[in-house]
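Take a look at the sequence and the model below. Keep both open while you read.

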Amino acid sequence: MFRTISSKISAIVILLILLFVVNYGLLTYFLNEQEILATQMLEMSQAERKLHAVNGGFYEIRFWEKKVLEEKNPDAIANYGASISSIKTELRELEDFETNKTIQSKLHSIRAGILHQETIFNEAQQLKTTQNLHRTSLNTSYRSLSSNILNDDMRQFFKPLFNLNHFFIVYIMQQDEPVYNSLIMVVDYLYKKIEQIHPSDDRTKEYLLSFKNLLQEDFKLANLINNTEEHFELVNTGLLNQFDDVFTEASALFKSKYVEAESKRNYLNNMALFLTVISVTLMGFVFYLFSKTIVTPIRSLAMVMRKVRDGNFDERFFWAGSKKDELIGYGYHFNTMLDTLQEHEALLRTLIETIPDLVWLKNPQGEYLLCNLRFERFFGAKQKDIIGKTDYDFVDKKLADFFKKMDLAAIRANEPYINEEEIVYADDGHKEHLETIKTPVFDSEGNLKGVLGIARDITERKKNEEEKIQAYLALEEHKKLALVGKIAGKMAHDFNNILGIIMGQSELGLLRCKEQETLKIFQVIFDQSLRGRNLTKNLVAFAKDQEPKYEYFYLNEKIELVLNLLEKNLEGIEIRKEGLSENIDFLADPGMIEHCLVNIFQNSIHALSKSENPFISVQLRQSNGTVIVMISDNGCGIPEAHIDKIFEPSFSLKGSRDVLASYESTIKGSGYGMANVNKCIELHKGNITVHSQLNIGTTVELSFPLIRRKLTKEEKMAIKNEGCHSNKRILLVEDEIQIAEVQRFVLTNDPCNHIVDVAHTGEAALKFLAKNEYDLISLDYMLPGKINGKNMYDHIRSENKTTPILFISGNIEFLESIKDLKRDDCFVDHVSKPCQNIVYLNSINVLLDKAKS
């Protein structure tokens, strides 16, 4: 029937028109039905979202209600009002959706309940405002009463006033009826005492009566607020129960409607799919008829060949018909050949790119033929810009000459050539240590085609090798220190036994002796035995990780004490003093500092054993927040070759090692004195420098940070200028009482004026955390008891992820772990103990800034 091309084309055109008309009609019908269903499902989805929004709105209202009552968030009232308004609007909109009468009635009831809840909440808020105003008057009355008693120096009332202060603070925090009754009893007792002792003191009695009246009114307000809040909670509970019923019923209704609509939609989709399959099948048949000619495959094959000739290997021949046809078969084999060629090329490129090393290939003239992505980073250029160029186009001449030399070495060796080199990446400037393998490449006839290079990053391997060496050295040092620790522990035990007998006998003498001169002798013996006990503790400090026990003492008095202790050893030696008349209040471990000074003075005494006109000079001064102690002598000095070894354990120039005969033969040295001194200075965050000349003398300079008990005027001004947080609530956890007192003083006074709670143990800190919320926590790592600073941190972070925590510690073990902690937690910082007050406050302000932002 269709024997001519024109008839075939006419039939195809008619068939296409029929298919188009039928498909257009069906498509219009399906789109119209889908639009109706989509509108229905959208409305149900919107209603369900509204339902969920109202559910979330209830909890949002509860959240802002609590924030308003807590009075900690200035935006809480506005957010509460916005939440109430939003939920009312959403409830009205929900009532407009098509549901049943029961749901509509319950929604209306909930909206009325919210209005009632809002009224009760406003009453509670108004009572809170009244209580805050009243609390201001109560606090003013209490300060006036306290100031009057303290200013008049009524010492007999200080203890009752202390009790009043204690119960008043507990009452403000808890508002307990027993505490309130106790506080009233203290006020009445104080009033009776004033009546008995100072009956004419009308002003104090008037302050007491005023304070009592205000206290009674405050207690009534507190009870009224509690009753209002309990009523408020009952209303909230009822609303939540109502909404749970509505939510369950409405969700079930929406679900059933949604399932019905979804079922109808699936039916339409299945019909559309069935009709589409039929249409596609008919269309395929039409195109099959149209393309089953010889012209199309010939033209297709010719076009593909032209594009392949031009370098486009992505082109493929499109055939229609049996593959047994010779022309179609040629096109198929041609496509297979292109696929194979392209797969091999892609596989080779993928292999090169996935290698983590630098890979490149040069021709014998040094021009690049290919490279991978990692090599592109080295040159900072793409492969298309690298191919055809040499090393001299990308790196300096010296490095390019080195690369060329290594290429020639590989070619001459006629085998892989390995060398190491350090390069700098052009893309980001980082350095890598590479192990490079260069291999000459030959064709099948043995002609040189180029040099293949592969370079592997061995930076980490080099680093690990170095770390292994350092770890080995550290292990050897640790073994030596462990041996010293055992010896020191045995010596300390034996010496403590001797000291125990001396201390016991001297204590008996102090108890039984009646003669004053003999009592003084016993007291000296007892005091010196205590110092001996401290020295034994410091003897083992060299081999142990012992933290200093800080307390304030006068450094000049400590130096004088050491000189008196060594008075017999210093006979015949002139002592020159400078600056020892000034009392320098110094925060440190007195036992450790005394032991350091004894070691340094002993070394000077030994060095002067053969000197004429021997003298020791002691200077003490302050400079820019630093305390400096300088001890000089005109002794034998230290040879320059040994000056860097004096802090090494077991190093000594005395006894059998005195090759220059600088010391008397009776003088011996253990070799651990200056090592222990150096360790002590490092623990106190100080510095020690030694200057010495052979046969001229030695000067030892010690410098320590000066930790004052309070801020200087200059420090206060600097803190104010930089912007200082104030009136924050801070928990201070510190076991060393004197350090805690200094930190508490600078935090609670101008310019900070923070509210500070102090805990000396982890257990005490946990009790504070259970009662109060804090803006920042200052936390010592080493704490007495079973809870240390890390345990405290884990407990805090289990409940609060953003409270700033400032660790205060010099513990070596902790200094390593704090690096990871600070990387993972941006609200953590650390300062080493001891630290200057301004450094401590600046660290606190930085953390509070982070928390604020």
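What follows is a walk through this protein, from the whole chain to single side chains.

This is a predicted model. The protein has 853 residues, and 39% of them count as buried. Its secondary structure comprises 22 helices and 17 strands. Among contacts with a separation of 6 or more, 65% are between residues 24 or more positions apart. The accessible surface is about 49200 Å². Carbon and sulfur atoms account for 56% of that surface.

Start on the outside. A nonpolar surface patch is formed by Val13, Ile17, Phe20, Val21 and Tyr24. Together these residues have about 540 Å² of accessible area. Phe20 belongs to helix α1, which covers residues 5-70. With a relative accessible area of 58%, Phe20 is exposed. An α-helix has 3.6 residues a turn, so residues three or four places apart point the same way.

Helix α16 spans residues 673-683. Ten of its eleven residues are buried, so α16 is largely enclosed by the rest of the structure. The buried residues include Asn676, Asn678 and Lys679, as well as Met674, Val677 and Ile681. Cys680 is also on that list. After α16 comes Lys685, with a positive phi near 60°.

How many disulfides does the model have? The count is zero. A disulfide is a covalent bond between the sulfur atoms of two cysteines. The cut-off used here is 2.5 Å between the sulfurs. For Cys596, the closest cysteine sulfur is that of Cys680, at 3.1 Å, which is too far for a bond. Cys596 is buried, at 3% relative accessibility. Cys826 is partly exposed, at 45%.

Arg797 lies in helix α20, residues 789-799. Is Arg797 buried or exposed? Its relative accessibility is 7%, so Arg797 counts as buried. A polar atom of the Arg797 side chain sits 2.9 Å from the backbone oxygen of Thr803. Beyond its neighbours within four places in sequence, Arg797 contacts Thr802, Thr803, Ile805, Asp825, Phe827 and Val828.

Thr698 is the second case. This residue is in strand β12, residues 697-705. At 10% relative accessibility, Thr698 is buried too. Its side chain makes a polar contact of 2.8 Å with the side chain of Ser692. Setting aside residues up to four places away in sequence, Thr698 touches several others. Among them are Ile631, Ser632, Asp633, Gly637 and Ile638, along with Val690 and His691.

Charged pairs come last. Side chains of opposite charge can pair when their charged atoms come close. The model has 21 salt bridges. Which parts of the chain do they join?

Arg456 is in strand β5, residues 448-457, and Asp357 is in the loop between α8 (326-354) and β1 (358-362), so the pair ties together parts that are 99 residues apart in sequence. Arg456 is partly exposed, at 48% relative accessible area, whereas Asp357 is buried, at 6%.

Lys397 and Asp401 form a salt bridge, with the closest N and O atoms 2.9 Å apart. Both lie in helix α11, residues 397-413. They are four residues apart, about one turn of the helix. Lys397 is exposed, at 57% relative accessibility, and Asp401 is partly exposed, at 29%.

The remaining pair links a strand and a helix. Lys577 and Glu560 meet through their side chains in a salt bridge of 2.9 Å, N to O. Lys577 lies in strand β7 (residues 574-578) and Glu560 in helix α14 (residues 555-565), so this bridge ties together parts 17 residues apart in sequence. Lys577 is partly exposed, at 46% relative accessibility. Glu560 is partly exposed as well, at 24% relative accessible area.

Technical notes:
Residues numbered from 1 in each chain as written. Predicted model: local features only at pLDDT ≥ 70, side-chain atom pairs only at ≥ 80, totals over all residues. Heavy atoms only, no water. Helix = DSSP H or I, 4+ residues; strand = E, 2+ residues; numbered from the N terminus. Buried < 20%, exposed > 50% of the residue type's maximum accessible area, 1.4 Å probe, protein only. Contact = heavy atoms within 4.5 Å. Areas by Shrake-Rupley, 256 points an atom, 1.4 Å probe, with all protein chains shown as cover. Patch = residues over 30% accessible without salt bridge, like charges linked within 9 Å, V, L, I, M, F, W, Y side chains within 5 Å. Salt bridge = Lys/Arg side-chain N within 4 Å of Asp/Glu carboxyl O. Polar contact = N/O pair within 3.5 Å; in protein donor to acceptor, adjacent residues only side chain to side chain.
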